[in-house]
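Dear colleague,

I am passing on the structure we talked about, and my notes on it follow below. Please read them with the model open beside you.

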Amino acid sequence: MGREVAESCFDGLIIEMVSAYGRRFYATKPDLASRRIEAIGFQVGHQLIERYTVERPRFSDHLEAIKFICKEFWSELFKKQIDNLKTNHRVGTFVLQDNKFRWFTRVLIDPSSEDNEASQGSSSEATSMLLHFPCGIIRGALSNVGISCAVSADASNLPSCESCILFFALKFSI
Amino acid sequence: MAGTACFIIVSKNDIPIYEAEVGSAAKKEEASQQHQFILHAALDIVEDLAWTTNAMFLKAVDKFNDLSVSVYVTAGHTRFMLLHDSRNEDGIKSFFQEVQELYIKILLNPLYLPSARIASSHFDTKVRALARKYL
């Protein structure tokens with residue numbers, strides 16, 4: 001299992017997948033498109049976690065699984081670890097913060113062609129579509145190790161992509 | 001080499017997704033049904049044991065006459081169970097690890113639905129070859 005591909009191919013694939021689902025297949029139904037993208041991410045996460053946990057012993061509790069996602073899983077996918085993990089034990093919510101999300105460093109939001117309000121709206125829409133895929137990956141990975149949860153993501157200060165901060169919020173249904 | 005050996009893979013939802021008689025002795029009809037029965041009966045014990053330990057390889061969880069059941073549990077709670085009469089634990093552990101590699105390759109197939117039966121004859125051939133090599 002060792003063949004490698006250029007990262008730009010991968011970036012192109014994701015961007016094209018999101019735009020295909022968002023603009024061509026389900027152009028009039030954006031939430032259906034987002035659910036499909038999330039489902040693709042779910043299957044990918046499901047398969048990837050099985051592959052990345054081959055050598056290590058199984059997880060004894062939720063926190064260990066989340067820490068595995070933050071460290072090893074994230075470094076396999078994005079070559080870095082999650083920068084900050086916050087939790088609210090009683091409510092069963094975890095917030096993962098990534099300060100430089102690799103897939104967005106090359107996403108270009110074009111602000112020049114339309115007037116200010118329209119471009120702001122479409123840029124956040126485009127990035128929220130892109131966000132469904134990593135949310136699906138996290139949800140799929142956790143569900144394969146037996147933790148069912150809902151994942152949502154929030155991106156702040158997006159146009160300056162060098163420092164885009166992403167928050168993934170995991171809510172456990174217990 | 002083990003005389004009798006029966007190998008099954010049980011998925012997370014307790015659905016057997018693969019079964020094979022991989023021993024080198026001659027096959028008898030009633031024996032293979034009995035082997036299946038023994039393995040399925042051992043599933044309860046495996047469930048209990050799996051939650052007590054972090055380890056993936058659980059040696060000899062159950063015995064029946066002179067046959068013992070060894071189990072390997074993955075992170076996604078998929079159980080590889082082997083009914084055998086040999087004492088070669090290292091060989092069995094390597095067998096499980098190699099089968100796990102093959103299983104991951106099946107899983108990575110986007111057209112494979114989780115918990116569906118593994119129908120690939122290629123997988124079957126490879127598992128039998130590994131069994132001849134390690135057991």
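Chain A contains four helices and four strands, and from the N terminus on its elements follow the order α-α-α-β-β-α-β-β. Please keep in mind throughout that this is a predicted model, and that the values below were computed from it. Of the 174 residues of chain A, 41% count as buried, and among the contacts in this chain with a separation of 6 or more, 57% are between residues 24 or more positions apart.

Where they meet, A:Leu48, A:Ile49 and A:Tyr52 are the residues from α2(A), while α3(A) contributes A:Phe68, A:Ile69, A:Phe73, A:Glu76 and A:Leu77.

Turning to chain B, helix α4 covers residues 121-134, and its 14 residues reach 20 Å from the first C-alpha to the last, close to the 20 Å expected at 1.5 Å a residue. Its buried residues are B:Phe123, B:Val127, B:Leu130, B:Ala131 and B:Tyr134. Seen down the axis of α4(B), these buried residues fall within an arc of 100°, so they line one face of the helix. On the other side, B:Ser121, B:His122, B:Thr125, B:Arg132 and B:Lys133 are exposed. The buried residues are covered by elements of chain B that include β1 (5-10), β2 (16-21) and α3 (89-107). At the N-terminal end, α4(B) is capped by B:Ser120, which has a side-chain oxygen 3.3 Å from the backbone nitrogen of B:His122.

Two serines in strand β4 of chain B also deserve a mention. B:Ser68 lies in this strand, which runs over residues 67-73, and at 5% relative accessibility B:Ser68 counts as buried. Neighbours within four places in sequence left aside, B:Ser68 is in contact with B:Asp62, B:Lys63, B:Leu82, B:Leu83 and B:His84. B:Ser70 is likewise in strand β4 of chain B, and with a relative accessibility of 5% B:Ser70 counts as buried. With its neighbours within four places in sequence again set aside, B:Ser70 is in contact with B:Phe57, B:Leu58, B:Lys59, B:Ala60, B:Phe80, B:Met81, B:Leu82, B:His84, B:Ile92 and B:Phe96. The side chains of B:Ser70 and B:His84 are joined by a polar contact of 2.8 Å. By way of contrast, the C-alpha atoms of B:Ser70 and B:Leu108, which are 38 residues apart along the chain, are separated by 26 Å.

Finally, which backbone angles might you want to look at in chain B? The phi of B:Ala60 is near 30°, a positive value in a residue other than glycine. B:Ala60 lies in strand β3 (residues 57-64) of chain B, is one of the residues in contact with B:Ser70, and counts as partly exposed at 44% relative accessibility. B:His77, which is not a glycine either, has a positive phi of about 65°. B:His77 sits in the loop between β4 and β5 (79-84) of chain B, and with a relative accessible area of 11% B:His77 is buried.

Key: Residues numbered from 1 in each chain as written. Chains lettered and ligands numbered in written order. Predicted model: local features only at pLDDT ≥ 70, side-chain atom pairs only at ≥ 80, totals over all residues. Heavy atoms only, no water. Expected span 1.5 Å × (residues − 1). Buried < 20%, exposed > 50% of the residue type's maximum accessible area, 1.4 Å probe, protein only. Arc of directions from axis to C-beta. Contact = heavy atoms within 4.5 Å. Polar contact = N/O pair within 3.5 Å; in protein donor to acceptor, adjacent residues only side chain to side chain.
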